[in-house]
Amino acid sequence: MKKVKSRTGQPRKAAMSAVEPNPKFAAVVQAFRGERRVAFGGKGFGSTALKLDGKIFAMLSSKGRFVVKLPRERVDELVGRGQGRYFDPGHGRLMKEWLEVGGPSISWLELAREAHAFASRGPG
């Protein structure tokens with residue numbers, strides 16, 4: 001199956017307004033509505049996720065917990081302070097660059113902004 005590309009040569013992204021986000025996640029989604037490179041939703045895994053150029057940087061897990069991708073050192077720091085835990089996607093292996101936050105102990109919006117900045121830097 002061929003990927004559909006826009007006139008700019010970039011893969012198309014889902015419209016941010018096409019899917020209604022979970023009410024707990026809505027403020028985070030709203031904060032990124034003006035970003036041209038950020039999309040919300042999609043098929044399958046990540047349907048409740050924010051993506052930068054197609055790569056997930058913040059999402060709601062199937063258990064309703066907020067999950068963000070941050071530098072490993074930052075995740076270690078927040079886990080050490082008890083403000084989150086390493087994300088386990090269900091196969092028993094922890095993803096150490098992903099922080100899972102269950103409650104309001106830390107601002108979801110600030111974490112999402114931090115994850116967006118980390119994702120914007122790209123590899124390396």
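How many salt bridges does a search of the whole structure find? The search finds 8, a salt bridge being a side-chain nitrogen of Lys or Arg within 4 Å of a carboxyl oxygen of Asp or Glu. The model is predicted: local features need pLDDT of at least 70 and side-chain atom pairs count only at pLDDT 80 or more, while totals for chains, interfaces and linings use all residues. Residues are numbered from 1 along each chain as its sequence is written, and side-chain values use heavy atoms, with hydrogens and water left out.

**View 1. The open sheet of 6 strands.** The strand order is S1-S2-S3-S4-S6-S5, with antiparallel pairing. Helices (H or I, at least four residues) and strands (E, at least two) are DSSP runs, numbered from the N terminus. Two strands count as paired if DSSP finds at least two bridges between them. S1 (38–40) and S5 (85–87) are the edge strands, each pairing on one side only. From one strand to the next, the twist averages 30 degrees. Axes here are lines fitted to C-alpha atoms, for helices over the stretch in contact, and angles run from 0 to 180 degrees between N-to-C directions.

**View 2. Strands S4 and S6 with the helices on the sheet.** S4 (residues 66–69) and S6 (residues 95–101) pair in the antiparallel sense over 4 bridges. Val68 stands opposite Leu99 in S6. Helix H2 (residues 72–80) lies across S5 and S6 and runs at about 45 degrees to S6. Helix H3 packs on the sheet, touching S1, S2 (49–52), S3 (55–60), S4 and S6, where contact means heavy atoms within 4.5 Å. The direction of H3 makes about 25 degrees with that of S4.

**View 3. Helix H3 and its buried residues.** H3 (residues 108–121) has 14 residues and reaches 20 Å from its first C-alpha to its last, close to the 20 Å expected at 1.5 Å a residue. The expected span is 1.5 Å times one less than the number of residues. Trp108, Leu111, Ala112, Ala115 and His116 are buried in H3. These residues are on the same side of H3 because they cover an arc of only 140 degrees around the axis, the arc being that of the directions from the helix axis to the C-beta atoms. Buried means under 20% relative accessible area, exposed over 50%, and partly exposed in between (1.4 Å probe, protein chains only). Just after H3, Gly122 takes a positive phi of about 75 degrees.

View 4. Glu114 is partly exposed, at 27% relative accessible area. A network of salt bridges links Arg74, Glu77, Arg81 and Glu114.

**View 5. The salt bridge of Glu100 with Arg85.** The closest N and O atoms are 2.6 Å apart. Glu100 lies in S6 and Arg85 in S5, so the pair ties together parts that are 15 residues apart in sequence. Glu100 is buried, with a relative accessible area of 7%, whereas Arg85 is partly exposed at 40%.

View 6. Glu110 counts as partly exposed at 45% relative accessibility, and Arg113 is partly exposed with a relative accessible area of 42%.
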